[in-house]
Number of protein chains: 2
Amino acid sequence: MQYNISEKLVNMKPSAIREIFKSLTDPEIIAFAAGNPAPESFPSEKLAELASDIFTNRSSQALQYGITEGYLLLREQVTSRLETRFGIKREGNGVMMVSGGQQGIELTCKVMCNEGDVVLTEDPSFIGALNAFRSNGAKTVGVEMEDDGINVEKLKTAIDNNPRAKILYLIPTFHNPAGTTMSLEKRRAVYEICREKGLLIIEDNPYGELRFAGEDIPTIKSFDDAGIVVYCGSFSKILSAGMRVGFLSAPEAVFQKIVVAKQVEDVHTNQFFQMLCADFITKYGLDEHIAGVSELYRSKCELMLGELDKNMPECVKYTRPEGGLFIWLTLPDHICLNDFVKEALAKKVAVVPGTAFSPEESEISHSFRVTYSTPSCEQIVRGVKIISDIIKEMM
Amino acid sequence: MQYNISEKLVNMKPSAIREIFKSLTDPEIIAFAAGNPAPESFPSEKLAELASDIFTNRSSQALQYGITEGYLLLREQVTSRLETRFGIKREGNGVMMVSGGQQGIELTCKVMCNEGDVVLTEDPSFIGALNAFRSNGAKTVGVEMEDDGINVEKLKTAIDNNPRAKILYLIPTFHNPAGTTMSLEKRRAVYEICREKGLLIIEDNPYGELRFAGEDIPTIKSFDDAGIVVYCGSFSKILSAGMRVGFLSAPEAVFQKIVVAKQVEDVHTNQFFQMLCADFITKYGLDEHIAGVSELYRSKCELMLGELDKNMPECVKYTRPEGGLFIWLTLPDHICLNDFVKEALAKKVAVVPGTAFSPEESEISHSFRVTYSTPSCEQIVRGVKIISDIIKEMM
């Protein structure tokens with residue numbers, strides 16, 4: 001049969017990262033490429049004990065259908081944390097559970113965009129979000145990033161140049177892949193621009209809990225009096241990535257449509273793990289556990305930055321994250337990124353080439369992403385040495 | 001802000017059934033409306049014991065990201081069962097895990113349909129599927145059902161009348177809501193028509209394992225030499241609905257695109273519960289457990305049919321299912337369905353009005369769906385008496 005695949009999917013390929021992820025089953029590979037949280041960050045023993053209680057005492061609820069918006073107690077706990085920790089108001093917003101932060105991004109695009117609409121993003125941006133927009137027939141257009149976040153003037157130009165721009169997608173805190181954080185001043189400026197021009201903002205904040213240096217900066221959603229921000233969060237980097245439990249807070253009118261869209265995607269998020277998250281929060285709270293996870297990443301990030309400082313030639317630039325999982329490195333123009341990535345993989349170090357994060361697909365990149373989350377300390381030291389040596393040889 | 005919701009979502013409302021489901025928290029209500037499996041059908045104790053083993057010995061795998069296609073062992077087990085139990089060939093087909101059967105249906109539509117394309121369905125059909133198609137901008141067009149399945153002549157006419165018809169969505173076995181099963185003759189005829197006309201078939205079979213009377217009929221997918229059938233299945237009615245684990249088998253070219261589309265919806269299905277399903281199958285197999293579940297439904301269905309035979313006035317027609325969860329009743333024309341449904345709810349019996357299952361939204365219905373799965377035996381007896389009495393009074 002000749003398959004007439006839909007226009008929105010026909011040219012889409014599997015995410016380069018997920019494909020690299022498959023190759024990471026080789027235990028000899030140093031996995032600087034993965035976006036996985038550190039396995040030791042998951043509170044396995046506590047979860048095991050709470051899980052056993054749910055199976056013993058509440059299995060018929062945990063194994064049965066739930067409502068689309070999510071498990072009520074957990075929604076309330078999330079609403080409350082969003083309010084106290086991130087300044088996100090209850091009034092005018094609905095909070096729901098989704099099957100990972102990824103689903104919140106995808107649903108928001110589905111609800112807002114017609115085919116041919118434009119989603120503006122930082123350049124580079126998270127590949128999973130870019131592909132979610134494309135899979136809904138939206139066009140992605142990138143706006144240059146600076147160390148303190150998106151270039152505001154170029155954002156204005158991009159809006160003017162794209163009359164069908166409907167959404168601005170941002171990862172303001174501990175950006176993936178760039179590792180940078182948007183300044184408060186820019187957050188306010190970007191919010192005002194979008195309010196004026198009628199764009200909806202998706203504020204994606206999967207790493208926001210993982211600050212290990214510097215001071216908190218208010219979320220964009222915290223000053224959302226006009227109701228133009230959909231905030232996406234996740235438990236993936238805190239409690240478990242494999243359980244696929246995330247959440248979002250959205251202006252009521254958008255929220256109602258997201259509920260409908262989620263209902264037809266997967267009815268509701270895994271009920272058992274929603275209850276497990278709620279029980280964890282009830283019994284232990286999140287603060288102590290998150291402090292431990294952040295400390296873990298602080299020490300691994302410091303180690304990696306120290307090794308980069310020691311080994312990397314000066315012509316290579318890299319970001320110095322204050323939280324999250326990623327460092328973004330930029331090679332000098334004369335080094336071919338593809339050659340470098342291939343050579344690194346041949347020497348058993350996997351990194352993600354910057355091209356994977358390009359909003360516009362044909363773009364050339366000289367950057368690549370590494371993570372310090374899953375590699376061991378020994379692997380961080382050895383892996384940085386390997387990639388530094390390769391670059392030196394290519395200079 | 002004025003929200004410009006996408007054209008595909010702007011007129012969609014939450015599923016009437018999920019809304020009714022919310023009202024079912026009232027313990028006095030007899031829940032003939034729910035589509036939930038019986039809680040006693042879930043093997044809670046066995047799952048609890050296996051879950052404990054996963055938490056103890058394999059938690060870092062179970063809590064970490066997995067690959068989009070699903071947990072390898074489970075995929076192999078499902079592939080093997082589809083082959084031996086349902087005659088579905090490995091060759092030329094990919095099998096993947098999805099977050100409930102619902103997601104398989106939604107993804108297939110997303111991959112195949114452009115906005116404005118038409119999905120043909122049985123009339124009535126499963127509301128969750130209808131809304132999944134609509135949420136992707138497809139138009140749903142219904143084709144009349146008979147006791148042995150879709151009316152084949154009217155299917156031909158519908159294809160001719162809808163040049164943009166791209167998918168035929170069917171629930172051939174223990175239909176939801178109709179409770180009927182399509183004959184082998186019609187399955188073959190429908191397959192040939194779709195092959196000739198270039199339509200893809202979605203064969204949705206969430207209830208196929210739950211036969212308690214009559215003889216198995218081959219799946220449409222079992223004679224899919226042309227590669228035009230996407231088969232959707234689920235563990236929701238067997239092991240747990242709340243865990244959201246389903247699967248699909250699709251022709252390789254379509255399969256590859258479904259993987260991409262799933263990746264951007266939720267990355268992958270809950271990893272822990274995929275492992276739990278696999279462990280259950282490894283340790284216990286499915287046959288013995290399913291035999292027990294089917295026996296449970298046989299006895300409850302017989303009870304309900306017996307009570308209907310005893311109490312219902314003759315002018316009310318109803319189907320006699322050989323498996324699955326649902327009975328479909330049709331009132332005489334002069335009784336107003338809405339009045340009946342309201343009166344039943346006032347007397348604490350919830351049923352789903354047929355209008356909820358209409359592919360064309362404005363349609364009038366005289367039918368309603370009841371389930372025998374979740375109500376107790378006492379509730380079945382009392383509930384049937386109540387709705388029979390209401391109908392007698394309305395005659």
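**Where the two chains meet**

Guide: Putting chain A and chain B together buries about 6700 Å² between them, and carbon and sulfur atoms account for 60% of that. Buried area here is the accessible area (1.4 Å probe) that two parts lose on being put together, summed over both. Keep in mind that this is a predicted model, where local features need pLDDT of at least 70, side-chain atom pairs count only at pLDDT 80 or more, and totals for chains, interfaces and linings use all residues. Residues are numbered from 1 along each chain as its sequence is written, chains are lettered from A and ligands numbered from 1 in the order in which they are written, and side-chain values use heavy atoms, with hydrogens and water left out.

Visitor: Which three residues supply more of the area that chain B buries against chain A than any other three?
Guide: Together this trio gives 11% of the area that chain B buries against chain A. They are Leu63(B), Tyr65(B) and Val264(B).

Visitor: How many residues does the contact take from chain B?
Guide: Contact means heavy atoms within 4.5 Å. Chain A puts in 84 residues, and from chain B the contact takes 84 residues.

Visitor: How many residue pairs are in polar contact across the interface of chain B and chain A?
Guide: A polar contact is a pair of N or O atoms within 3.5 Å; within protein, one must be able to donate a hydrogen and the other to accept it, and residues adjacent in sequence count only if both atoms are side-chain atoms. With both residues at pLDDT 80 or more, the rule finds 44 residue pairs.

Visitor: Which element gives the most to the side of chain B that touches chain A?
Guide: Helices (H or I, at least four residues) and strands (E, at least two) are DSSP runs, numbered from the N terminus. Elements giving two or more residues to this side include helix H3 (44–57), helix H6 (101–112) and helix H10 (252–266) of chain B. With nine residues, the one that gives the most is H10(B).

Visitor: How many salt bridges are there between chain B and chain A?
Guide: A salt bridge is a side-chain nitrogen of Lys or Arg within 4 Å of a carboxyl oxygen of Asp or Glu. Glu106(B) forms one with Lys110(A), with the closest N and O atoms 2.6 Å apart. Between chain B and chain A, the count is two.

Visitor: Why do the copies meet through the same surface?
Guide: Look at which residues take part on each side. The copies share that surface because the interface residues of chain B are also interface residues in chain A, at 100%.

**Inside the chains**

Visitor: Are Glu209(B) and Arg81(B) buried or exposed?
Guide: Their side chains meet in a salt bridge (2.7 Å, N to O). Glu209(B) is in the loop between strand S7 (200–204) and S8 of chain B and Arg81(B) in helix H5 (residues 72–86) of chain B, so the pair ties together parts 128 residues apart in sequence. Buried means under 20% relative accessible area, exposed over 50%, partly exposed in between (1.4 Å probe, protein chains only). Both Glu209(B) and Arg81(B) are buried.

Visitor: What is the relative accessible area of Asp225(B)?
Guide: Asp225(B) forms a salt bridge with Lys89(B), the closest N and O atoms being 3.9 Å apart. Lys89(B) counts as partly exposed at 35% relative accessibility. Asp225(B) is exposed, and its relative accessible area is 67%.

Visitor: Where is Ser234(B) found?
Guide: Ser234(B) counts as buried, at 6% relative accessibility. A polar atom of its side chain lies 2.8 Å from the backbone nitrogen of Ser236(B). Ser234(B) is found in strand S8 (residues 229–234) of chain B.

Visitor: How far apart in space are Phe326(A) and Lys310(A)?
Guide: Phe326(A) sits in strand S11 (residues 326–330) of chain A and counts as buried, at 2% relative accessibility. Phe326(A) and Lys310(A) are 16 residues apart in sequence, and C-alpha to C-alpha the distance is 19 Å.
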